[in-house]
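Open your viewer and get ready to select a few residues. We will go from stop to stop, with a word on what to look for at each.

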Amino acid sequence: GGLEGTFPGAVRAVFLADDLSQSGLTDDTIFVGSNKNNDLVADWRWGSGNNPPKNDVSNAYAYAVLSDENELIIYAGIERLAPNGANHLDFEFNQATISLDNDPPCPTSECEFIGEKTDGDLLVNMDFDQGGNISSVALRQWDAATQQFVLLLAQTPAPGESDAEGCNDPVGPVPGDVLCAFSNNGPIDGGNWPNYLSPGAA
C-alpha cells in the first residue's frame, strides 16, 4: 500500500509499503525484464515473483521540503530486509507520472508500465559492499536528446576510508552538499510503520 500527499512542512511526500517475498510470500510488483537505468519506460516489465532478502524492499519513502533559502531538499529512504549484503539501489525522480498498466497482481506472466521519462529527471545510484557500507553514490540526469542518464556527480570512499557516506565536495560548477548519502550503522527507530528483520519477521 502507499500513501501520498501533503505532510506538515513538506512540498510533497510519499510512503510505500512494498510486498515481502520471504517465507513463502510473493511480491506482486517486481521487475521481470528490462530494468536498466537507460531503458525506456515503454520497455519496462513487471510481474509477480521473489527477491533475495538483500533485494527485498519493505518500505520506501521520499520527503521534499524547501529550505530557508528556498532551495528544494529531497530526503529519500529505502528499508531492505538484509541491509548487510552487497547490493545496488536506485532512486529515480520523475517529473511525469509513471504507473502500472494493471492493478496488481499482473493478470499475465508480465505487464507493462505507463508513462515516460522527462528531460531533467534525476537518478541516484547507490552501491553497497558486503558489510553494508556505501561503496559509491552517483547523481545522474536524464537527457531526452540522447535518451541517456548523464553523470552529474559521483563519490566514492575517501583515501583510507571504506565508506562513501557523507556529502559531496564542490566539483567544478557544482557546489558542495548537493548529494548526501548515509546508511544506518546500527539499530534505529524505523517510525510508526511495520519494520522487518530477515527473512520477514516483524
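Predicted model: local features only at pLDDT ≥ 70, side-chain atom pairs only at ≥ 80, totals over all residues.

Residues are numbered from 1 along each chain as its sequence is written, and side-chain values use heavy atoms, with hydrogens and water left out.

**Stop 1: aromatic rings**

Rings of Phe, Tyr and Trp (its six-membered ring) pair if their centres lie within 6.5 Å; planes under 30 degrees apart count as stacked, over 60 as edge-to-face and the rest as tilted. The count by this rule is eight aromatic pairs. Select phenylalanine 15 and tyrosine 61 to see a stacked pair, with 6.0 Å centre to centre and 0 degrees between the planes. This pair links distant parts of the chain, 46 residues apart: phenylalanine 15 lies in strand β2 (residues 12–17) and tyrosine 61 in strand β5 (residues 57–66). Strands here are DSSP runs (E, at least two residues), numbered from the N terminus.

Are these two residues buried or exposed? Buried means under 20% relative accessible area, exposed over 50%, and partly exposed in between (1.4 Å probe, protein chains only). Phenylalanine 15 is buried at 18%, while tyrosine 61 is partly exposed at 28%.

Now pick tryptophan 142 and phenylalanine 149, whose ring centres are 5.0 Å apart with planes at 65 degrees, so the pair is edge-to-face. Tryptophan 142 is buried, with a relative accessible area of 3%, and phenylalanine 149 is buried at 8%.

**Stop 2: charges over rings**

Stay with tryptophan 142 and show lysine 117: its charged end sits over the tryptophan ring, 4.5 Å from the centre. A charge sits over a ring if NZ of Lys or CZ of Arg is within 6 Å of the ring centre and within 35 degrees of the ring normal. Then select arginine 80, whose charged end sits over the ring of phenylalanine 128, 4.7 Å from its centre.

**Stop 3: the second largest pocket**

Next, select Tyr75, Ala76, Gly77, Phe91 and Phe182, the closest to the centre of the second largest pocket among its 42 lining residues. A pocket is an open set of points on a 1 Å grid over the protein atoms alone, where a 1.4 Å probe fits, with protein on both sides within 12 Å along at least five of seven lines; lining residues have an atom within 4 Å of a point. Strand β6 gives the most to this lining, with nine residues.

**Stop 4**

Cysteine 167 is in strand β13 (residues 166–167) and is partly exposed at 32%. Not counting residues up to four places away in sequence, cysteine 167 touches Gln155, Asp177, Leu179, Cys180 and Phe182; contact means heavy atoms within 4.5 Å.

Which strand holds serine 136? Look in β11, where serine 136 is buried at 19%. Its contacts, leaving aside neighbours within four places in sequence, include Gln155 and Ala164.

Finish at serine 183, in the segment after β14. Serine 183 is buried at 16%, and beyond four places in sequence it is in contact with Phe128, Gly132, Ile134 and Glu165.

Conventions
Helix = DSSP H or I, 4+ residues; strand = E, 2+ residues; numbered from the N terminus.
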